[in-house]
Amino acid sequence: MKLKQRVVLLAILLVIFIFTKVFLIDNLDTSAAHREDQRAFQRMLSGLRVALEPRLEHTLQSPWEIAAQWVVPREVYPEDTPELGAVMHAMSTKKIIKADVGYKGTQLKALLILEGGQKVVFKPKRYARDYIVEGEPYAGYDRHNAEVAAFHLDRILGFRRAPLVVGRFVNLRTEIKPVATEQLLGTFMTVGNNTCFYGKCYYCRETEPACADGDIMEGSVTLWLPDVWPLQKHRHPWGRTYREGKLARWEYDESYCDAVKKTSPYDSGPRLLDIIDTAIFDYLIGNADRHHYESFQDDEGASMLILLDNAKSFGNPALDERSILAPLYQCCIIRVSTWNRLNYLKNGVLKSALKTAMSHDPISPVLSTPHLDALDQRLLSILATVKQCTDQFGPDVVLVEDRMTLSHL
């Protein structure tokens, strides 16, 4: 063999060796990450059912103290929460010692203080489970059951960025009115044989009260985050204008994500990937109303995007509002861990998991069957969108490894 041929052969063998080595190393790293994702997924499935019972393992602490200790910059609650059922049981049963109008906002809610001093936000039932909200994807009243379902979906996706939510029945006459502030009490009325209230908010009207069934009102209660974790509000970069005929820039500029990537806090850190996680979450639940979002204050982009106010969801199971996914299909990036979790939830697993997770809630069944079916269909659309991105840019560009250490010290 001539010297030139030997040199070429050696060069080819060297290239093959290098690529093989790199491939094996990458595969080992990827396999380790995948195995951890699979283990996390199995742990999630094994802990799906949350039996609401009062037993606490840490008997020297109240359920409110335990839940407050769970909160860290990147999680509202940890992966392993053996006392989640006890905290949610307390949320759904503890005596109400004060009731007031809700904090600022567009929708009706009440602020309750439970025995032990814990604040919760109560959202009343406005629709039957099978009611279809027509019109714009953000139309209609808040859906209390959507808050419950969104919390459990947050658990299933492994985000753990949504405050705890549970369904609750309250007696407006015996539990609320005796402890209500004058401001809230002044909005109570009787319609037929039903006790009603309309509260104080931007869209609250005396002509549109929320009414109980007699005195018993179904609703959801959301656990207030600890005051030691003040919130900071941000305008969502993919927010809507809410003005007929006026489009936001992202709705007509296909290169919009490039501009976002140059703007703080999206130019570094986890925030842009959080936005994309949230777009996936919102698309699954049908929430097109996240015009703002909250993070913890003074975080310099390091804390999570907190999944608050998910009640404009599950309004129309037949409507798949693709524009909610704009951050995903315009930026074409997604966390590897999120991508893996979505793939594990294919073939009906998502629907089954959510149904199981919500089965012990006091207001179960939380969602109608069409809404559960819509989740599986929307999941397929998300997977197809990511595939389009990987086909165009390659998986190395689209799938971003971003596993963050979460401290609960």
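1. Let's start with the link between Cys-332 and Cys-389: the torsion about its S-S bond is about -75°, so this disulfide is left-handed. The two sulfurs sit 2.0 Å apart. Cys-332 lies in the loop between helix 9 and strand 11 (334-335), while Cys-389 belongs to helix 12 (residues 369-393), so the pair, 57 residues apart, links distant parts of the chain. Keep in mind that this is a predicted model.

2. How exposed are these two cysteines? Cys-332 has 5% relative accessibility and therefore counts as buried; Cys-389, at 3%, counts as buried too.

3. Another pair to look at is Cys-257 and Cys-331, with an S to S distance of 1.9 Å. Here the S-S torsion is 105°, a right-handed link. The partners are 74 residues apart, with Cys-257 in helix 7 (residues 256-260) and Cys-331 in helix 9 (residues 326-331). Both are buried.

4. Cys-201 and Cys-204 are also joined, at 2.0 Å from S to S. Their torsion is about 105°, so this disulfide is right-handed, and both cysteines are buried. The whole structure holds 4 disulfides, and counting bonded cysteines along the chain gives the pattern 1-4, 2-3, 5-6, 7-8.

5. Now for the core. The largest nonpolar core has 108 residues, and Trp-238 and Leu-284 are among those with the most contacts inside it. Helix 8 (residues 271-285) gives the largest share, 9 residues. Domain 1 (60-221) and domain 2 (229-398) each supply at least three.

6. Leu-284 deserves a click: its contacts include Leu-153, Leu-350, Arg-378 and Ile-382.

7. Finally, helix 10 (residues 336-344) is mostly covered, with 7 of its 9 residues buried, including Trp-339, Arg-341 and Tyr-344.

Definitions and conventions:
Residues are numbered from 1 along each chain as its sequence is written. This is a predicted model: local features need pLDDT of at least 70, side-chain atom pairs count only at pLDDT 80 or more; totals for chains, interfaces and linings use all residues. Side-chain values use heavy atoms; hydrogens and water are left out. A nonpolar core is a set of buried Ala, Val, Leu, Ile, Met, Phe, Trp, Tyr and Cys residues joined through side-chain atoms within 4.5 Å. Buried means under 20% relative accessible area, exposed over 50%, partly exposed in between (1.4 Å probe, protein chains only). Helices (H or I, at least four residues) and strands (E, at least two) are DSSP runs, numbered from the N terminus. Domain bounds come from an automatic or database domain assignment. Contact means heavy atoms within 4.5 Å. A disulfide is a pair of cysteine sulfur atoms within 2.5 Å. Lists of a residue's contacts leave out its neighbours within four places in sequence.
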